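Hi everyone, thanks for making time. I've got a structure to walk you through today, so let me put it up on the screen.

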Amino acid sequence: MIVSLKENERVDELQRNGYRIIQAPERFCFGMDAVLLTGFAHARETDTLLDMGTGTGIIPLLMEAKYRCAHLTGLEIQPESADMAARSVALNGLSEKIDIVTGDIKEADKYFKSASFDCITCNPPYMIGQHGLTNPDAPKAIARHEILCSFEDVAVQTARLLKPGGHFFLVHRPFRLAEILTTLVKYRLEPKRMQLVYPYVDKEPNMVLLEAVRGGKSRMTVEKPLIVYREPGVYMPEIYEIYGY
(Lines give C-alpha, C1' and ligand atoms only; values in the text may rest on other atoms or scores of the structure.)
Protein backbone atom coordinates (compact mmCIF):
# COMPACT_ATOMS: atom_id res chain seq x y z
CA MET A 1 0.00 0.00 0.00
CA ILE A 2 1.22 3.52 -0.81
CA VAL A 3 1.34 5.74 2.28
CA SER A 4 2.52 9.33 2.22
CA LEU A 5 5.51 10.42 4.30
CA LYS A 6 5.76 13.76 6.03
CA GLU A 7 8.82 15.97 6.33
CA ASN A 8 11.81 14.31 8.08
CA GLU A 9 10.12 10.89 8.11
CA ARG A 10 11.67 7.67 6.84
CA VAL A 11 10.64 4.04 6.38
CA ASP A 12 12.67 1.35 8.18
CA GLU A 13 12.62 -2.41 7.66
CA LEU A 14 11.64 -4.56 10.67
CA GLN A 15 13.18 -7.85 9.45
CA ARG A 16 9.87 -9.62 10.18
CA ASN A 17 7.37 -10.69 7.50
CA GLY A 18 8.60 -7.85 5.32
CA TYR A 19 6.99 -5.35 7.68
CA ARG A 20 8.13 -1.73 7.72
CA ILE A 21 7.69 1.19 10.08
CA ILE A 22 7.56 4.97 9.60
CA GLN A 23 9.86 6.91 11.92
CA ALA A 24 10.99 10.49 12.43
CA PRO A 25 14.46 10.60 14.02
CA GLU A 26 13.94 14.17 15.21
CA ARG A 27 10.94 13.05 17.28
CA PHE A 28 11.61 9.52 18.51
CA CYS A 29 12.70 6.16 17.09
CA PHE A 30 12.00 2.83 18.73
CA GLY A 31 14.84 1.26 20.68
CA MET A 32 16.13 -2.17 21.56
CA ASP A 33 13.95 -2.27 24.67
CA ALA A 34 10.77 -2.52 22.58
CA VAL A 35 12.24 -5.30 20.44
CA LEU A 36 13.47 -7.28 23.47
CA LEU A 37 10.04 -6.94 25.07
CA THR A 38 8.37 -8.59 22.08
CA GLY A 39 10.92 -11.40 22.27
CA PHE A 40 10.27 -11.91 25.99
CA ALA A 41 6.48 -11.74 25.64
CA HIS A 42 4.30 -14.54 24.35
CA ALA A 43 0.78 -14.65 22.94
CA ARG A 44 -1.64 -16.96 21.18
CA GLU A 45 -3.33 -16.52 17.83
CA THR A 46 -6.66 -16.18 19.64
CA ASP A 47 -5.45 -13.36 21.93
CA THR A 48 -6.45 -9.72 21.88
CA LEU A 49 -3.62 -7.37 22.82
CA LEU A 50 -3.31 -3.77 24.00
CA ASP A 51 -0.04 -1.85 23.87
CA MET A 52 -0.05 1.16 26.21
CA GLY A 53 2.00 4.14 25.05
CA THR A 54 2.59 2.55 21.67
CA GLY A 55 4.60 5.44 20.19
CA THR A 56 4.93 4.77 16.48
CA GLY A 57 3.43 1.28 16.81
CA ILE A 58 6.54 -0.89 16.94
CA ILE A 59 5.24 -3.32 19.57
CA PRO A 60 1.85 -4.12 17.93
CA LEU A 61 3.59 -4.60 14.59
CA LEU A 62 6.20 -6.99 16.00
CA MET A 63 3.69 -8.86 18.18
CA GLU A 64 1.48 -9.43 15.13
CA ALA A 65 4.47 -10.59 13.10
CA LYS A 66 5.72 -12.98 15.78
CA TYR A 67 2.53 -14.30 17.37
CA ARG A 68 -0.33 -13.57 14.92
CA CYS A 69 -2.66 -12.27 17.63
CA ALA A 70 -6.34 -12.11 16.71
CA HIS A 71 -6.49 -8.35 17.19
CA LEU A 72 -4.10 -5.69 18.48
CA THR A 73 -4.57 -2.11 19.67
CA GLY A 74 -2.03 0.62 20.30
CA LEU A 75 -2.87 3.50 22.65
CA GLU A 76 -0.81 6.69 22.23
CA ILE A 77 -1.31 10.16 23.70
CA GLN A 78 0.81 12.12 21.21
CA PRO A 79 -1.25 12.72 18.03
CA GLU A 80 1.79 12.93 15.74
CA SER A 81 3.13 9.58 16.96
CA ALA A 82 -0.30 7.97 16.76
CA ASP A 83 -0.63 9.23 13.18
CA MET A 84 2.72 7.69 12.26
CA ALA A 85 1.67 4.42 13.90
CA ALA A 86 -1.62 4.35 11.97
CA ARG A 87 0.18 5.01 8.70
CA SER A 88 2.69 2.24 9.46
CA VAL A 89 -0.20 -0.14 10.10
CA ALA A 90 -1.73 0.86 6.75
CA LEU A 91 1.66 0.55 5.04
CA ASN A 92 1.76 -3.11 6.07
CA GLY A 93 -1.86 -3.81 5.11
CA LEU A 94 -2.88 -4.44 8.72
CA SER A 95 -5.57 -1.80 9.26
CA GLU A 96 -8.25 -4.45 9.84
CA LYS A 97 -6.15 -6.20 12.47
CA ILE A 98 -4.39 -3.36 14.34
CA ASP A 99 -6.17 -0.30 15.71
CA ILE A 100 -4.34 2.85 16.81
CA VAL A 101 -6.21 4.93 19.38
CA THR A 102 -5.16 8.45 20.34
CA GLY A 103 -5.68 8.84 24.05
CA ASP A 104 -4.31 9.06 27.58
CA ILE A 105 -3.15 5.93 29.43
CA LYS A 106 -4.67 7.37 32.62
CA GLU A 107 -8.08 7.26 30.93
CA ALA A 108 -7.67 3.96 29.08
CA ASP A 109 -10.73 2.47 30.77
CA LYS A 110 -12.83 5.15 29.07
CA TYR A 111 -11.82 3.86 25.63
CA PHE A 112 -11.95 0.11 26.30
CA LYS A 113 -14.22 -2.27 28.21
CA SER A 114 -13.13 -3.71 31.53
CA ALA A 115 -11.38 -7.09 31.39
CA SER A 116 -11.35 -7.06 27.60
CA PHE A 117 -7.72 -7.93 26.76
CA ASP A 118 -5.82 -11.23 26.99
CA CYS A 119 -2.44 -9.48 26.91
CA ILE A 120 -1.19 -5.99 27.65
CA THR A 121 2.28 -4.75 26.79
CA CYS A 122 4.00 -1.55 27.87
CA ASN A 123 7.36 0.12 27.35
CA PRO A 124 6.68 2.98 29.78
CA PRO A 125 8.66 6.14 30.51
CA TYR A 126 11.55 5.12 32.76
CA MET A 127 12.71 8.32 34.40
CA ILE A 128 11.16 10.20 37.31
CA GLY A 129 11.59 13.79 38.45
CA GLN A 130 13.48 16.34 36.38
CA HIS A 131 16.62 14.29 35.75
CA GLY A 132 18.03 15.14 32.31
CA LEU A 133 14.99 17.13 31.20
CA THR A 134 15.76 20.01 28.83
CA ASN A 135 12.36 20.45 27.16
CA PRO A 136 9.49 18.81 29.07
CA ASP A 137 7.16 19.21 26.08
CA ALA A 138 9.44 17.48 23.56
CA PRO A 139 8.26 14.09 22.21
CA LYS A 140 11.46 12.36 23.35
CA ALA A 141 11.06 13.73 26.88
CA ILE A 142 7.46 12.53 27.05
CA ALA A 143 8.52 9.05 25.92
CA ARG A 144 11.37 8.80 28.44
CA HIS A 145 10.15 10.69 31.53
CA GLU A 146 7.04 10.30 33.67
CA ILE A 147 5.58 13.61 32.52
CA LEU A 148 2.11 12.49 31.39
CA CYS A 149 1.69 9.28 33.40
CA SER A 150 3.35 7.30 36.19
CA PHE A 151 4.00 3.59 36.46
CA GLU A 152 1.16 3.37 38.97
CA ASP A 153 -1.17 4.85 36.33
CA VAL A 154 -0.10 2.04 33.98
CA ALA A 155 -0.68 -0.61 36.66
CA VAL A 156 -4.12 0.75 37.61
CA GLN A 157 -5.34 0.68 34.02
CA THR A 158 -3.78 -2.70 33.27
CA ALA A 159 -5.56 -4.24 36.26
CA ARG A 160 -8.87 -2.86 34.96
CA LEU A 161 -8.48 -3.84 31.32
CA LEU A 162 -6.78 -7.23 31.59
CA LYS A 163 -8.90 -10.36 31.76
CA PRO A 164 -8.54 -12.51 34.90
CA GLY A 165 -5.52 -14.70 34.23
CA GLY A 166 -4.38 -12.34 31.47
CA HIS A 167 -0.71 -11.50 30.96
CA PHE A 168 1.05 -8.16 31.37
CA PHE A 169 4.48 -7.73 29.77
CA LEU A 170 6.71 -4.72 30.41
CA VAL A 171 10.28 -3.50 30.14
CA HIS A 172 11.76 -1.06 32.64
CA ARG A 173 14.95 -0.07 34.45
CA PRO A 174 16.40 -2.21 37.27
CA PHE A 175 16.90 0.77 39.59
CA ARG A 176 13.11 0.97 39.97
CA LEU A 177 12.55 -2.77 40.37
CA ALA A 178 11.47 -2.70 44.04
CA GLU A 179 8.87 -0.02 43.30
CA ILE A 180 7.63 -1.84 40.19
CA LEU A 181 7.14 -5.19 41.93
CA THR A 182 5.41 -3.56 44.90
CA THR A 183 3.05 -1.67 42.60
CA LEU A 184 2.22 -4.75 40.55
CA VAL A 185 1.35 -6.76 43.65
CA LYS A 186 -0.73 -3.86 45.02
CA TYR A 187 -3.03 -4.13 41.99
CA ARG A 188 -3.11 -7.94 41.96
CA LEU A 189 -0.82 -8.18 38.95
CA GLU A 190 1.31 -11.02 40.26
CA PRO A 191 4.92 -11.03 38.96
CA LYS A 192 5.54 -14.45 37.38
CA ARG A 193 8.68 -14.12 35.28
CA MET A 194 11.69 -11.79 35.21
CA GLN A 195 14.80 -11.44 33.05
CA LEU A 196 17.62 -8.96 33.52
CA VAL A 197 19.33 -7.54 30.42
CA TYR A 198 23.04 -6.73 30.51
CA PRO A 199 24.84 -4.65 27.84
CA TYR A 200 28.00 -6.75 28.38
CA VAL A 201 28.70 -9.78 30.53
CA ASP A 202 30.83 -7.74 32.96
CA LYS A 203 28.49 -4.73 33.24
CA GLU A 204 25.48 -4.02 35.43
CA PRO A 205 22.03 -4.73 33.97
CA ASN A 206 20.34 -1.76 32.30
CA MET A 207 16.94 -3.30 31.56
CA VAL A 208 14.51 -5.66 33.24
CA LEU A 209 11.78 -7.63 31.45
CA LEU A 210 8.76 -8.65 33.51
CA GLU A 211 5.64 -10.77 33.06
CA ALA A 212 2.73 -10.49 35.49
CA VAL A 213 -0.60 -12.31 35.60
CA ARG A 214 -3.82 -10.70 36.80
CA GLY A 215 -4.88 -12.58 39.91
CA GLY A 216 -2.01 -15.08 39.61
CA LYS A 217 -0.57 -17.05 42.53
CA SER A 218 2.61 -15.85 44.22
CA ARG A 219 5.57 -17.53 42.51
CA MET A 220 8.14 -15.90 40.19
CA THR A 221 10.74 -17.46 37.92
CA VAL A 222 13.97 -15.57 37.24
CA GLU A 223 15.30 -16.48 33.81
CA LYS A 224 18.95 -16.60 32.84
CA PRO A 225 20.50 -13.19 32.08
CA LEU A 226 20.24 -11.81 28.56
CA ILE A 227 23.56 -10.39 27.36
CA VAL A 228 23.32 -7.93 24.45
CA TYR A 229 26.88 -7.53 23.12
CA ARG A 230 29.70 -10.02 22.70
CA GLU A 231 31.97 -7.07 21.92
CA PRO A 232 31.32 -3.50 20.74
CA GLY A 233 29.13 -3.61 17.62
CA VAL A 234 28.65 -7.40 17.74
CA TYR A 235 25.46 -8.82 19.25
CA MET A 236 25.23 -12.11 21.10
CA PRO A 237 23.45 -14.87 19.10
CA GLU A 238 20.26 -14.53 21.21
CA ILE A 239 19.92 -10.88 20.19
CA TYR A 240 20.27 -11.65 16.48
CA GLU A 241 17.55 -14.29 16.92
CA ILE A 242 15.18 -11.86 18.65
CA TYR A 243 15.70 -9.30 15.89
CA GLY A 244 15.08 -11.94 13.24
CA TYR A 245 18.44 -11.61 11.50
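Okay, let's begin with strands S1, residues 10-13, and S2, residues 20-23: they run antiparallel, and 4 bridges join them. Keep in mind as we go that this is a predicted model. Which residue of S2 stands opposite Asp12? That's Ile21. Between the two strands of this hairpin there are 6 residues, and Gln15 takes a positive phi there, near 60 degrees.

Now for the inside. The largest nonpolar core has 42 residues, and the ones touching the most other members are Leu36, Met63 and Ile239. Where does the largest share of this core come from? From helix H2, residues 58-67, which puts in 7 residues.

Let's zoom in on Leu36. If we skip residues up to four places away in sequence, Leu36 touches Val197, Met207, Leu209, Leu226, Ile239 and Ile242.

Last topic: cysteines. How many disulfides does a search of the whole structure find? The count is 0. Take Cys69, which is in no disulfide: the nearest cysteine sulfur belongs to Cys119, and that's 6.1 Å away, while a pair has to be within 2.5 Å to count. And is Cys69 buried or exposed? Cys69 counts as buried, because its relative accessibility is 0%. Cys122 is buried too, with a relative accessible area of 1%.

Conventions
Residues numbered from 1 in each chain as written. Predicted model: local features only at pLDDT ≥ 70, side-chain atom pairs only at ≥ 80, totals over all residues. Heavy atoms only, no water. Core = buried A, V, L, I, M, F, W, Y, C linked by side-chain atoms within 4.5 Å. Buried < 20%, exposed > 50% of the residue type's maximum accessible area, 1.4 Å probe, protein only. Contact = heavy atoms within 4.5 Å. Pairing = 2+ DSSP bridges.
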